[in-house]
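Please look over the sequence and the structure, and then read the points below, which are grouped by topic.

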Amino acid sequence: MLGLGALGVVAGKGIQGGIDTALTPLQQLDPTGLASLIPGDYFRIYTVTSGYPYESDADYRLSVDGMVDKPLNLQLSDLQAMPPTSMVRTFQCVTGWQVQNVHWTGVKLSDLLGEASVAKGATALRFESFDGLYTESLTLDQAARPDIIVAYSMLGGPVSREHGGPVRLYVAPMYGYKSIKWLSRITVVDRVEPGYWEDNGYAVDGWIGHSNGYGS
Ligand SMILES: Nc1nc2c(c(=O)[nH]1)N[C@H]1C(S)=C(S)[C@@H](COP(=O)(O)O)O[C@H]1N2
Ligand SMILES: [Mo]
């Protein structure tokens with residue numbers, strides 16, 4: 001992975017307009033090697049493990065822990081009982097593909113953090129997936145935005161297993177790699193810990209339209 005990371009950083013130097021024609025680590029996961037070069041309005045399904053992990057709706061749990069006064073351990077039904085937020089937005093992967101008019105519903109991340117009551121001195125969040133490998137991060141300032149949700153519905157139905165169900169993060173203003181699938185844990189921490197792809201050359205602050213997605 002160290003080699004791939006170096007390649008990602010090198011590839012990033014040549015980017016213009018957010019679309020890269022050099023191979024990046026993410027593109028190397030695409031069996032055709034051409035995902036970002038083919039126009040098309042459909043999702044590519046990504047996983048960094050050998051398959052798609054599974055948790056039933058009944059067994060699913062999301063913990064919110066770390067620097068909080070009131071740690072949470074939530075079931076899917078707990079999330080669904082909270083006030084919902086819905087959005088229709090374009091999903092944009094840093095490798096160039098995008099899907100327009102994607103419907104999302106979930107709970108505002110900021111609402112969950114409010115429930116947990118973030119402690120003084122905390123500045124960031126670490127996200128974990130029940131795939132056991134993928135991680136992500138946000139600052140608490142970013143997490144206060146209303147367009148970042150813990151999503152249980154996507155594309156007009158429950159978030160499917162391939163898309164990271166029962167629950168994934170959806171960070172609308174940032175590239176797709178920030179939207180961690182199979183979300184299992186949110187830990188409030190005192191500094192940003194770069195996530196899985198960020199350790200491999202992608203920007204920690206992956207703003208669509210401001211960042212080209214590469215570098216930090
Ligand atoms: N756990 C996990 N989350 C992930 C990924 C992954 O490989 N594993 N890939 C990320 C990337 S790079 C993108 S573009 C989106 C893709 O979402 P999709 O697989 O539902 O199309 O998921 C993001 N979240
Ligand atoms: Mo992506």
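A residue is called buried here when its relative accessible area is under 20%, exposed when it is over 50%, and partly exposed in between. Of the 216 residues of the protein, 53% count as buried. The model is a predicted one, and the protein in it has five helices and 10 strands.

**Overall picture**

- The protein exposes about 9,800 Å², and carbon and sulfur atoms supply 53% of that area.
- Among contacts between residues at least 6 apart in sequence, 66% join residues that are at least 24 apart.

**The open sheet**

- Five strands form an open sheet, in which the order is β2-β1-β10-β5-β6 and the pairing is mixed.
- The edges are taken by β2 (72–75) and β6, each of which has a single partner strand, so one side of each is left without a neighbour in the sheet.
- On average, and with direction ignored, neighbouring strands of this sheet are turned by 15° against each other.
- Helix α4 (residues 109–116) packs on the sheet and touches β1, β2, β5, β6 and β10, while its direction makes about 130° with that of β2.
- Strands β5 and β10 run antiparallel and are joined by six bridges; Glu 128 stands opposite Arg 185 in β10.
- Strands β5 and β6 also pair in the antiparallel sense, over five bridges, and Leu 125 has Leu 138 in β6 as its bridge partner.
- A hairpin is formed by β5 and β6 with five residues between them, and Gly 132 in the turn has a positive phi of about 85°.

**Aromatic rings**

- A pair of aromatic rings is described by the distance of the centres and the angle of the planes.
- Counting ring pairs whose centres lie within 6.5 Å gives 14 aromatic pairs.
- One of them joins Phe 43 and Trp 97 in an edge-to-face arrangement, with 5.9 Å from centre to centre and 70° between the planes.
- This pair links distant parts of the chain, 54 residues apart: Phe 43 is in the loop between α2 (25–28) and β1 (61–66), and Trp 97 is in the loop between β3 (85–92) and β4 (98–108).
- Phe 43 counts as buried because its relative accessibility is 15%, and Trp 97 counts as buried because its value is 3%.
- The rings of Tyr 134 and Tyr 196 have their centres 5.6 Å apart and their planes at 20°, so this pair is stacked.
- Tyr 134 lies in the loop between β5 (124–129) and β6 (135–139) and Tyr 196 in the segment after β10 (183–189), so the pair ties together parts that are 62 residues apart in sequence; both of these tyrosines are buried.
- One aromatic cluster is formed by Phe 43, Tyr 46, Phe 91, Trp 97, Trp 104 and Tyr 170.
- The charged end of Arg 44 sits over the ring of Tyr 42, at 4.1 Å from its centre.

**Backbone details**

- Most residues other than glycine have a negative phi, and most peptide bonds are trans.
- A cis peptide bond, with omega of about 5°, joins Gly 165 and Pro 166, and Pro 166 is found in the loop between β8 (157–158) and β9 (168–171).
- Leu 155, although not a glycine, has a positive phi of about 60°; Leu 155 is placed in the loop between β7 (148–154) and β8, and counts as partly exposed because its relative accessibility is 46%.
- Trp 182, which is not a glycine either, has a positive phi of about 55°; Trp 182 is in the loop between β9 and β10, and counts as buried at 2% relative accessibility.

Technical notes. Residues numbered from 1 in each chain as written. Chains lettered and ligands numbered in written order. Predicted model: local features only at pLDDT ≥ 70, side-chain atom pairs only at ≥ 80, totals over all residues. Heavy atoms only, no water. Phe/Tyr/Trp six-rings, centres within 6.5 Å; stacked < 30°, edge-to-face > 60°. Helix = DSSP H or I, 4+ residues; strand = E, 2+ residues; numbered from the N terminus. Buried < 20%, exposed > 50% of the residue type's maximum accessible area, 1.4 Å probe, protein only. Lys NZ or Arg CZ within 6 Å of the ring centre and 35° of its normal. Contact = heavy atoms within 4.5 Å. Areas by Shrake-Rupley, 256 points an atom, 1.4 Å probe, with all protein chains shown as cover. Pairing = 2+ DSSP bridges. Axes fitted to C-alpha atoms, helices over the stretch in contact; angles between N-to-C directions.
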